[in-house]
Amino acid sequence: MRLDWDRAIAAAQQAHAGSDEPLCAFIYDLPALKRHAAHLREGLPGQCDFFYAIKANSDVPLLQTLAPTVDGFEASSGGEIAWLRQHFPQVPVIFSGPGKLDSELALALQHGATVHVESLHELERLAVLARAGGKPASILLRVNPPLAELATTTLVMGGKPTQFGIAIEHLPVCLERLRQEPCLELRGFHFHLLSHQLDADKHLQLLSAYLRQTREWCEQYGLRIEHINVGGGIGVNYREPQRQFDWPRFSTGLASLLAEEARRHGDDVPRLRFELGRFVSAFCGYYATEVLDIKESGERVFAIVRGGTHHFRTPYAQGHSHPFRVVPVADWKHAYSRPEAVHRPVTVAGQLCTPKDVLASDAMLDRLRVGDLLLFQYAGAYAWHISHHDFLRHPHPQHIYLQEDA
Ligand SMILES: Cc1ncc(COP(=O)(O)O)c(C=O)c1O
């Protein structure tokens, strides 16, 4: 997705001009999010559903922007279900994730959410609750099969022993249990084996493996299923921003894959449901911050900025140096001097008392001065929402939601 830098820069400059304190803000470009979501939707063939995993960013303005385009939302806690129902009473909801409480399962049933079951124990607890409520529950089994097609990315949740999903050797007993349980209706299988997939062809191979594996299980266990939830996991390339996941290539490949499936298996091809998080909302967000200090330590130059990883933990969480732009600020109305770095690699650190509070490392800059603004891109997913906001009790950043131009 091409970023509309001018809008983000203008918003940062306006927020900076309107504040006595150094700038620190998340800026979300909602029209850009809307366009991006529409682009993703258009690329999905008709046999696909498009859900948004709200864990990536559950701010209401973002959810409201996405709601008309997506088929529903994925929640991973009772808190997220309650949040969704408070703001979107009617939108279809999926409930997934490990360690669900009975109270959360009951909430999911009360609100008609489809539950992605993670274990035999969870299946049994859900059965008790569904029986007590007298209403059947729609479920998918989250499975963790070893698949040869599983590529290695920086974050893998399956294909090897992990805490996620039902290990392949326990699938028969879960299916047997389901046969005796009319209150639980098996709609399909859920796979979320990895995150940070940047290669469209490899992702297609994985989806093809999900289809093949599901067909084998259907034959082996005499099942008829409605859909396969293929999870999220499409990545954002923070390290090489110019090389993003090729969505048009993926869409074309997916259409061919599903056409081939239909040719070989007729009407018996399940729908594919996507529950994407990062790839939906990352691009619309920016973390804007102001340079407070610049100093040298040995050979290195450090810029200390307002805020840090307690607001924007993404680079630390993923172990990368986050891309950003410098927005020079001409005005300097202070009586003291203005430190600067010229043609130097600069490491950008925040205000926390830990050497881990680094947002970017050794970024080569033409010129950076105290008082300049930095705009970190791709901050709309797993940014504010995964950060430890109250460490050191610094104030929270502003949250600015850009609307359509008048
Ligand atoms: C079960 C499940 N679905 C969907 C997602 C969203 O993944 P992503 O943001 O990588 O698209 C996650 C993220 O961890 C997840 O655990």
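Let's start with Val 236, which sits in the loop between strand 11 (227-231) and helix 9 (247-265). Helices (H or I, at least four residues) and strands (E, at least two) are DSSP runs here, numbered from the N terminus. Val 236 has a relative accessible area of 4%, so it counts as buried. For that word the cut-offs are these: buried is under 20% relative accessible area, exposed is over 50%, and partly exposed is in between, with a 1.4 Å probe and protein chains only. Val 236 and Phe 283 are 47 residues apart in sequence, yet their C-alpha atoms are 8.4 Å apart in space.

Before going on, a word about what you're looking at. This is a predicted model, where local features need pLDDT of at least 70 and side-chain atom pairs count only at pLDDT 80 or more, while totals for chains, interfaces and linings use all residues. Residues are numbered from 1 along each chain as its sequence is written, and side-chain values use heavy atoms, with hydrogens and water left out.

**The whole chain**

The chain has 11 helices and 19 strands. Its radius of gyration is 23 Å, close to the 22 Å that the globule rule gives for 406 residues, so the chain is as compact as a globular protein of that length. That radius is taken over C-alpha atoms, and the rule is 2.2 Å times the number of residues to the power 0.38. Along the principal axes, the C-alpha atoms fill a box of roughly 80 × 45 × 45 Å. Buried residues make up 55% of the 406 residues.

**Around the ligand**

Which residues come nearest to the ligand? Of the 16 around it, they are Gly 233, Glu 275, Gly 277, Arg 278 and Tyr 382. "Near" means that a heavy atom of the residue lies within 4 Å. Three of these residues have the atom pairs below.

| Residue atom | Ligand atom | Distance |
|---|---|---|
| Gly 233, backbone N or O | oxygen | 2.8 Å |
| Glu 275, polar side-chain atom | nitrogen | 2.7 Å |
| Gly 277, polar backbone atom | oxygen | 2.9 Å |

The protein covers 91% of the 390 Å² of accessible area that the ligand has on its own. Those areas come from the Shrake-Rupley method with a 1.4 Å probe. By class, the shell has 4 nonpolar, 7 polar and 5 charged residues.

His 192 belongs to the loop between strand 9 (184-190) and strand 10 (194-195). At 16% relative accessibility, His 192 is buried. Its side chain reaches the backbone nitrogen of Gly 232 at 3.1 Å. A polar contact is a pair of N or O atoms within 3.5 Å; within protein, one must be able to donate a hydrogen and the other to accept it, and residues adjacent in sequence count only if both atoms are side-chain atoms.

**Helix 8, end to end**

How far apart are the end C-alpha atoms of helix 8? The answer is 32 Å, which agrees with the 32 Å that its 22 residues (200-221) should span at 1.5 Å a residue. The expected span is 1.5 Å times one less than the number of residues. At the start of helix 8, a side-chain oxygen of Asp 199 comes within 2.9 Å of the backbone nitrogen of Asp 201. Just after the helix, Gly 222 takes a positive phi of about 60°.

His 343, in strand 16 (residues 340-349), has a positive phi near 50° without being a glycine. At 52% relative accessibility, His 343 counts as exposed. Asp 362, in strand 17 (residues 358-369), isn't a glycine either, and has a positive phi of about 45°. At 42% relative accessibility, Asp 362 counts as partly exposed.

Definitions and conventions: Ala, Val, Leu, Ile, Met, Phe, Trp, Tyr, Cys and Pro count as nonpolar, Asp, Glu, Lys and Arg as charged, and the others, Gly among them, as polar.
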